[in-house]
Amino acid sequence: MEPGAIEEHLKQVEEAMEEVKEEEKESRWLSYISLSTAIIAIVTALAGLYESQVTSKTILLKNEAVLYQGQASDQWSYYQSKGIKGHIYEVSAEIYPSRTDEFNKKAEKYKKEQAQIKSEAHRLEKIRDQKSAESELYYEKHHILSFAITFLQISIAVASISALTRNKKFWLGSLILSLIGAIIGGYTLVF
């Protein structure tokens, strides 16, 4: 073999080894993209699950508020019926002076009952207001989680673009977007 041919073969071997190293490096980088995308997808799925639970809680609390509103309305109707009955006895006392004491006692009885009914109606309205306020809090969480999930889903798409284009900048962008989504989602756990 000629001395120049050996050097040429060594040069080709070195180039082939460099290509293999580059392919290994790129393969490792694609593995990182795949792993990070899988992790982001898991976080997205968990955020979606939590968002569904928050939405359900919002609806349940709002339903409870409506239930308490119905009960309070029933109490106010009952309150009015007692007031009407009391008023009838007051008018009857004026019409039938001989039975004034009897009718006034019954009218007073209905006024006392009205006070108890009014108290119960206010108690139910207070519970209604608490349930409604709690529902609004969960509704806000729902909206915040929707933004978090959107950032996480966009992050997955950008990671896919990174793998297709072999561009690390897209991957870094994907990581940043997923971090933003995770921070937004994490915020709902503390408020």
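The model is predicted: local features need pLDDT of at least 70, side-chain atom pairs count only at pLDDT 80 or more, and totals for chains, interfaces and linings use all residues. Residues are numbered from 1 along each chain as its sequence is written, and side-chain values use heavy atoms, without hydrogens and water.

Along the principal axes, the C-alpha atoms fill a box of roughly 145 × 20 × 15 Å. The protein has 3 helices and 0 strands. From the N terminus on, the order is α-α-α. Helices (H or I, at least four residues) and strands (E, at least two) are DSSP runs, numbered from the N terminus.

Of the 191 residues, 23% count as buried. Buried means under 20% relative accessible area, with a 1.4 Å probe and protein chains only. Ala 107 is one example, at 4%. Ala 107 sits in helix α2, residues 100–165. Its C-alpha atom is 4.2 Å from that of Gly 86, 21 residues apart along the chain.

Glu 8, Glu 14, Glu 15, Glu 18, Glu 19, Glu 22, Glu 23 and Glu 24 form a negative patch. Patch residues have over 30% relative accessible area and no salt bridge, and like charges are joined within 9 Å. A salt bridge puts a side-chain nitrogen of Lys or Arg within 4 Å of a carboxyl oxygen of Asp or Glu. Glu 22 belongs to helix α1, residues 3–95.

Definitions and conventions. Patch = residues over 30% accessible without salt bridge, like charges linked within 9 Å, V, L, I, M, F, W, Y side chains within 5 Å. Areas by Shrake-Rupley, 256 points an atom, 1.4 Å probe, with all protein chains shown as cover. Lys, Arg positive; Asp, Glu negative; His and termini not counted. Charge placed at Lys NZ, Arg CZ, Asp CG, Glu CD. Buried < 20%, exposed > 50% of the residue type's maximum accessible area, 1.4 Å probe, protein only.
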